[in-house]
Amino acid sequence: MWNHSKSLLLTAVWIRVALLAWIIIAVALPFWQQSRAVLVLFYFIFLPVLLALCGLDRLLQRLRRGQVFSAENLASLRLVSWMCFFAAVFLLVGACLWPVLILGAGGVGFLGLFVRVVKNLLAEAIVLKDENDLTI
């Protein structure tokens with residue numbers, strides 16, 4: 001039977017697979033792609049994506065421990081949203097060479113906005129929980 005803990009575990013596995021794949025691509029790309037523009041764009045985007053995946057991994061670890069309403073989770077979501085915005089900016093710059101990257105930049109930018117809204121929602125939930133904890 002599928003449950004919440006299995007869902008968290010599956011998500012954690014996928015995040016770790018994505019982290020490993022991202023690092024492998026970063027190592028292998030110079031041997032596979034000779035275009036300097038592609039390499040420069042990839043390595044500008046590499047760090048924001050890596051940091052976003054690490055932030056998601058830390059967030060998921062805390063969720064698996066039952067730490068839902070915490071300032072650390074807010075910090076992780078803030079990191080993920082900013083890294084999405086940085087990646088979107090780099091994709092927009094890359095769109096000067098490949099216009100189709102505008103679509104990717106829009107998608108990543110929207111994802112950053114979505115994560116930002118979830119972060120703000122969690123911040124309000126933390127305030128409500130803290131007020132509730134003080135109520136007798």
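## Salt bridges

This predicted structure holds two salt bridges, a salt bridge being a side-chain nitrogen of Lys or Arg within 4 Å of a carboxyl oxygen of Asp or Glu. In one of them, the side chains of aspartate 57 and arginine 16 meet at 3.0 Å, N to O. Aspartate 57 lies in helix H2 and arginine 16 in helix H1, so the pair ties together parts that are 41 residues apart in sequence. Helices are DSSP runs (H or I, at least four residues), numbered from the N terminus. Aspartate 57 is buried, with a relative accessible area of 10%, whereas arginine 16 is partly exposed at 45%. Here buried means under 20% relative accessible area, exposed means over 50%, and partly exposed lies in between (1.4 Å probe, protein chains only).

Lysine 129 forms a salt bridge with aspartate 133, and the closest N and O atoms are 2.9 Å apart. These two residues are four places apart in helix H4, so about one helical turn separates them. Lysine 129 is partly exposed, at 34% relative accessible area.

## How the model is treated

Residues are numbered from 1 along each chain as its sequence is written.

## Nonpolar cores

In soluble globular proteins, nonpolar side chains tend to be buried together. A nonpolar core is a set of buried Ala, Val, Leu, Ile, Met, Phe, Trp, Tyr and Cys residues joined through side-chain atoms within 4.5 Å. The largest such core in this model has 20 residues, and those with the most contacts inside it are Trp22, Phe42, Ile45 and Phe46. At least two residues of this core come from each of H1, H2, helix H3 (71-94) and helix H4 (101-134). H2 gives the largest share, eight residues.

Contact means heavy atoms within 4.5 Å. Leaving aside neighbours within four places in sequence, tryptophan 22 is in contact with Phe42, Ile45, Phe46, Val49, Leu50 and Leu53. Another core, of eight residues, lies apart from the largest one; among its members are Leu59, Leu74, Leu77 and Ile126.

Leucine 59 is found in helix H2 (residues 36-64). With 12% relative accessibility, leucine 59 counts as buried. Beyond its neighbours within four places in sequence, leucine 59 is in contact with Asn73, Ser76 and Leu77. Leucine 59 and glutamate 72 are 13 residues apart in sequence, and their C-alpha atoms are 7.8 Å apart in space.

Serine 70 sits in the loop between H2 and H3. Setting aside neighbours within four places in sequence, serine 70 is in contact with Arg62 and Ile126.

## Alanine 87

Alanine 87 lies in helix H3 and is buried, with a relative accessible area of 5%. Apart from neighbours within four places in sequence, alanine 87 is in contact with Ile45, Pro48 and Val108. The C-alpha atoms of alanine 87 and threonine 11 are separated by 22 Å, and the two residues are 76 residues apart along the chain.

## Cysteines

A search of the whole structure finds zero disulfides, a disulfide being a pair of cysteine sulfur atoms within 2.5 Å. Cysteine 54 is in no disulfide, and the nearest cysteine sulfur, that of cysteine 84, is 14 Å away. Seen from cysteine 84, the closest cysteine sulfur is that of cysteine 54, and the 14 Å between them is too far for a bond. Cysteine 54 is partly exposed, with a relative accessible area of 29%, whereas cysteine 84 is buried at 8%.

## A nonpolar surface patch

Trp2, Leu9, Leu10, Val13, Trp14 and Val17 make a nonpolar surface patch of about 630 Å². Patches are made of residues with over 30% relative accessible area and no salt bridge, where like charges are joined within 9 Å and nonpolar side chains (Val, Leu, Ile, Met, Phe, Trp, Tyr) within 5 Å. Accessible areas come from the Shrake-Rupley method with a 1.4 Å probe, and for residues only the protein chains shown count as cover. Valine 17, one of the patch residues, lies in helix H1 (residues 4-32). This valine is partly exposed, with a relative accessible area of 42%.

How values were computed
Predicted model: local features only at pLDDT ≥ 70, side-chain atom pairs only at ≥ 80, totals over all residues. Heavy atoms only, no water.
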